[in-house]
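Subject: Structure for you to look at

Hi,

Here is the structure I promised to send over. Please open it alongside these notes, which go through what turned up.

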Amino acid sequence: MARSKTHRLRKLLVVVGVALAALVVLAAVWTVYLDRVVTRDFQGRLWSVPARVYAEPLDLYAGARVTADELEEELRRLHYRSGDPAAGAGVYRRHGGDFDLHARRVRFVDELREPEIVSIHAGGDSIIGLRHADGTELPVFRLDPLLVGNVFPVHGEDRIVLSPDDVPPLLRLGVKAVEDRRFDEHHGVDPYGILRALWADLRAGRVIQGGSTLTQQLVKNYFLSDEQTIGRKATEAVMALRLEAHFSKNDILVAYLNEVYLGQDGPRAIHGFGLGSEYFFAKPLAELDVGEVALLIGLVKGPSYYDPRKHADRARARRNVVLQELADARLIDAAAAKRAAAEPLGLRPPGGSYVPAYLDLVRRHLKRDYAEADLAAAGLTVYTTLNPRAQAAAEQSLTRHLSRLDAASRVRDAHLEGAIIVADPNSGDVVAVVGGRAVGAEGFNRALDARRPIGSLVKPAVYLAALETGRYNAATMLDDAPITLKLSDGSTWSPQNYTHEIYGRVPMARALAESMNLATVRLGLDVGLPRVADTLVSLGLETRPTLNPSLLLGTVEMTPLEVVQVYTTLANGGFRARLRAVQAVLDEQGRPLKSFKVQVEAAAAPAAVYQLDRMLTLVTARGTGRGASARLPPGTIVAGKTGTSSDTRDSWFAGFTGTYLAVVWVGYDDNRSTGLTGAAGALPVWADVIASVKSASYQPVPPELIEDRWIGFGDGLETTAGCSADAVAVAVPTGTPLPGKPGCASSPPNSLTDKIKSWFKSTIH
Amino acid sequence: MVQVDHSLKRLAAGFTAAALLSACSLLAPHTPSSQPPTPQTSSPQPPGSPAPLPSLPPAPAPQVPPPARENHLSAATRSLVTQARTQVAHGDLPAASSTLDRALRIEPNNPLLWIELGRLRLAESDAHQAEGCGRKALALASGDRIAQAQAGRLLADALRGQGRNQEARQVESQPFMNSSP
């Protein structure tokens, strides 16, 4: 009996021993595993610094169209503050149109500029002159480029990652003082801290202190879910200990400052103090004052509970508690804490600088133009061609007009959508991208991805193909008469004009200006479908469209971005400038990455393009686009084309001035009919964008052997400005014989300016 | 060693570029010496219109040469061209390229800037891009004999750089090629 008892006991001991041994082994394996996870992932994330993305800096020079108010607005956007410029960089002083500016040290794509004081004199509508501090003339000066985002070129997350040098001492010490006082002493887990927290909780009768170290918080954010279990707590503790074993306190603190969650901007989580500073105060971290740093530190405890935009009182109280703690830890003096506690929160107005649709294009162009291995490097700087003023104008114009059109529409179960791209046709620089009416949000980027039939936007390609044959000119009479075609599949096609009218014999300039379908189909068939398709390809369309007669009326589908590429060539005198959102990328040492560079290529005969473009100015002066003039400064000459797809599913306008090209699309995501022509939907949006970016008139340099002649808009006969009420100026090859209007002596206009003046007079009457 | 080779190469490229660039003197005023210098107007031109538009003659007869135009650099673009040349002289061609991009944003229709950019492309051994710049410059130089001749020389050099010697000779036989700055 006793023997068996001993035996059983021994057996039990063995079992327990084996179980214990197994547990120890398991724990060891588990620890090794966690150690691996910690080292591998932390190492990877610590050094994955995203690329900083900058907008195009604003160049100031005599004649630059920037007013004093706009200059001040730009300075504020760049976080310059009003004060005494002698006090330091980042400060300006304004007296009327005179500015003294202490510019910051800036790394531009082509040079490093040291801080410098400059004087800028702004007049009523443009910059008059600039001077150095010593009074000598300064021919050209650029402001800092605006930081618009941070992308991981490969996976694309928005974050401002601080390097150890970027962390202000007050933040470093303050976070430790408030969140983890024994951070420098413990090894990842702080038993004393846990006891203290327990004691505090016991006395209060509820959980008021967490007792987690910064390392534990970081581990939790990096590797673990949010559940509160013993198992998770144990994992967290082991990982925190392993992290401390492998990495320096400084690395861990900086990683924490970059990782901690501080708030929510719609769908975008605000992680890290760098982005937090930008999001709440629109300032770089280095420029925050004591109260602002205290508020950010305070948010760590409860980002949504203390959200300063939603709960200003709680946020204020929390900030002041932190200020007191900073004073108690002797990081600031008591008087400073008291002063800061009396200050307002100083939040920047919400909205504005976040441009996800543009950054989307930046990411795609990075992949297109740079080697993936180069992009994986840390600390890249991306210089884009974004113009923040044009971007803001385009966003406002689209949202305003879509709301207006929605209110006027009978459709109640859907909202109109839209997209805008603005580009500089001379360089191919894309300066603004709006991917939909929810401008600050990520999501379907219609500007890049909505592929829609372009309708009459295709017509300029048909007319250009005709002009290039040399058999046509602006006064050539076309036949706008019904036509029925047998298609290759055996069916028949009988296109109609949008108005369902038939116009008979019309000059080419009018057929294009009034977007006549029948005349265009007849012209296109005469020129030949292959030639039209070739023209589209040489203008910049990447895939050759199918040779179907309906191509002539724009059944071909394109994204707004593709339309921009094609129209850029029209706006650039027949030279194709490849679109780009990225100017250059510098590595961490400031050296440019090697890029695939394409600039300008001759794509279409400049003389033919000039003749076409002059006809496109008649679209906005006389034709379907004439609604634009009411929204533009008087006398502005613009060229463009309306587009409407069948059943008014898509409303387009593509047009350009001397400085900008913009393409606007308006429609429903589900492809239903909008009831809007290009003139009713997209055109007003386009005109407002063009008006607010201050475009110079479209006045191309006339090619040699091309001259201006007056013709009757209705009959195409050569005339004079005074002789026919509907006289319009067109460009034709020099010496082209034109039939004259009886009784009107033909003489070319004196000068282009005179001609434009009288032409405008004639369009008004 | 690799480093040395690299910087030597850059230096050589820089010298070549400097030599090429100095061949066409964009920075020198284009006023013929027989005429008094044209006064610099104080009112600046808006961006996008580098030169006043020409007056069209009432009835252009075939033999009469087209109206004279002269393209100039503004103070701003002149200083940027100077800066670009300094960058080229230091062998920093990418920076020079960015500086000229900046000048072109200020005066996109100035053929002199396109000529400058085309010369830079040649220095970068990119004759294909230089050709595009040359053609663009030639189109913009319409009516300006001096700019046309410079654009024509650029275009001919760019074509030769691609082995298209016959096309280059064709460009050089154009009447405007006889004008000299």
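Asn671(A) sits in the loop between strand S28 (661–667) and helix H22 (682–692) of chain A. Its phi is near 70 degrees, a positive value in a residue other than glycine. Keep in mind that this is a predicted model. Most residues other than glycine have a negative phi. Is Asn671(A) buried or exposed? Asn671(A) is exposed, because 12 other C-beta atoms lie within 10 Å and the cut-off for exposed is 12 or fewer.

Ser515(A) also has a positive phi in a residue other than glycine, near 55 degrees. The loop that holds Ser515(A) runs between helix H17 (508–513) and helix H18 (517–527) of chain A. Ser515(A) has 27 C-beta neighbours inside 10 Å, so Ser515(A) counts as buried.

Now the strands. Strand S4 (residues 91–95) and strand S5 (residues 98–103) of chain A are antiparallel partners, with five bridges. Tyr92(A) faces Leu101(A) of S5(A) across that pairing. The hairpin of S4(A) and S5(A) has two residues between the strands. Gly96(A) takes a positive phi in this hairpin, near 60 degrees. S5(A) also pairs with strand S8 (residues 116–122) of chain A. That pairing is antiparallel too, with six bridges. In it, Asp100(A) stands opposite Ser119(A) of S8(A).

There is also an open sheet of four strands in chain A. The order is S11-S1-S14-S24, and the pairing is mixed. Which strands form the edges? They are S11 (147–151) and S24 (582–586) of chain A, each pairing on one side only. From one strand to the next, the twist averages 20 degrees. Strand S14 (residues 381–384) of chain A runs antiparallel to S24(A), and four bridges join them.

Last, the helices. Helix H9 (residues 290–299) and helix H10 (residues 312–328) of chain A pack with their axes 8 Å apart. The angle is about 105 degrees, so H9(A) is roughly perpendicular to H10(A). H9(A) contributes Gly291(A), Ala294(A), Leu295(A), Ile297(A) and Gly298(A) to the contact. From H10(A) come Ala315(A), Arg318(A), Arg319(A), Val321(A), Val322(A), Leu323(A) and Leu326(A). By class, the contact has eight nonpolar, two polar and two charged residues.

Helix H5 (residues 214–223) of chain A is the other helix to check. Which residues of H5(A) are buried? They are Leu214(A), Thr215(A), Gln216(A), Gln217(A), Leu218(A) and Val219(A). Their cover includes helix H3 (169–179), helix H6 (230–246) and helix H7 (249–259) of chain A.

Best wishes

Key. Residues numbered from 1 in each chain as written. Chains lettered and ligands numbered in written order. Predicted model: local features only at pLDDT ≥ 70, side-chain atom pairs only at ≥ 80, totals over all residues. Pairing = 2+ DSSP bridges. Axes fitted to C-alpha atoms, helices over the stretch in contact; angles between N-to-C directions. Parallel < 35°, antiparallel > 145°, perpendicular 65-115°, else oblique. Contact = placed C-beta atoms within 7 Å. Nonpolar A, V, L, I, M, F, W, Y, C, P; charged D, E, K, R; others polar. Buried ≥ 20, exposed ≤ 12 C-beta atoms within 10 Å, placed from the backbone.
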